[in-house]
Amino acid sequence: MSKVSAIIPTLWKAKDFTDHLVDVLVEDVSVGEIIIIDNAPTDFLYNHDKVSMFCLEENIYVNPSWNLGIDESSYDKFIIFNDDIIIPYNFVSQLESLLTSDKGVIGIDAPSVIKVPSFDGENITFLDRKIELKPTTNRDWGFGIAMAGHRNSYYKIPENIRIWYGDDYLTQMNNEEGKVNYVIDDIPIFTKMSATSDLEEFSEIKNIDTLMYDRFVKRKE
Amino acid sequence: MAKAKVKAAPKKEITDTVDETITREEVKETKTEPEKAPPTPKASNVEKTESFTAAFKNDAHSAVDHFLKHNTDNPEEISREESDAGDAGVRVTLTYK
């Protein structure tokens, strides 16, 4: 059976969300492995044989974490998660057959992203229907909070784009390869959005990322 | 529950081996069994909230109106609630689907 590598970079800013996310993925038979890129190690480890934790000496930031997770993954299909989201049980199982090499990357539709102030057990659900995809030409808000695809649709993100624009880069690279990117239609994803990336300490990196991504886009024009 | 599988990181900038000071803890047990969780609703049927803050009440409501008018997903307004935002003025919280 084909399986999916799940990749979660984390700084543990929303641990109750992350704990539940890992639990959902442990329970999902289509998830072959869960790779946690731990950018702020403490004495905590998830104790399950599906879980690999990469405890880093310093924060390498989110886009390099995605690259590392893909490098270390064992399966042809991947899904990358923000650490502060609630997905339904069975989400990856419903998605797995759609992760084919002829598609670009598959993200979340902006209207399906539901911001919540804190973790709430009432938002825990079981996905008992098929996932439908909508083609998209633009990378809209919320796209990259959960992003999946075939390994052939992942392009290593340049090291100088560290936190923002990783999903822009992947969608653009797939567009250039003639692949269509998609969003998942009408499945609610709850999030304590930007629990990490809104931190003041990252504002300077945002400026650099913007500059570097602009240069990348201009080189392509 | 099986033991955690901890891989040594392969890159120069990350640890070569797992820090020996790290101890293993049990993962939190599932609070909700998957099959007992309620079925996932459509996102379009889930109520959402968005807050808009402005110095004057009318401006906060105008921001809500703008959000509703220019959102291509045609959100349906459920309710609005005003609250005090302190020095920032008035906060209007929109609930919509």
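Two residues are in contact if their C-beta atoms, placed from the backbone, lie within 7 Å.

View 1. Of the contacts in chain A with a separation of 6 or more, 83% are accounted for by residues 24 or more positions apart. Chain A has 5 helices and 11 strands, where helices (H or I, at least four residues) and strands (E, at least two) are DSSP runs numbered from the N terminus. Its radius of gyration, taken over C-alpha atoms, is 16 Å, close to the 17 Å that the globule rule (2.2 Å times the number of residues to the power 0.38) gives for 221 residues, so chain A is as compact as a globular protein of that length.

**View 2. Helix 2 and its cover in chain A.** Helix 2 (residues 62-72) is mostly covered, with 8 of its 11 residues buried (20 or more other C-beta atoms within 10 Å of the residue's own). Among them are A:W66 and A:L68. The cover includes strand 1 (4-10), strand 2 (31-38) and helix 4 (166-176) of chain A.

**View 3. The open sheet with strand order 5-11-7 in chain A.** Pairing in this sheet of 3 strands is mixed; two strands pair if DSSP finds at least two bridges between them. Strand 7 and strand 11 (residues 189-191) run parallel and are joined by 3 bridges. A:I114 stands opposite A:F190 in strand 11.

**Notes.** Residues are numbered from 1 along each chain as its sequence is written, and chains are lettered from A and ligands numbered from 1 in the order in which they are written. In this predicted model, local features need pLDDT of at least 70 and side-chain atom pairs count only at pLDDT 80 or more, whereas totals for chains, interfaces and linings use all residues.

Technical notes:
A residue is buried if 20 or more other C-beta atoms lie within 10 Å of its own, exposed if 12 or fewer, and partly exposed in between; C-beta atoms are placed from the backbone.
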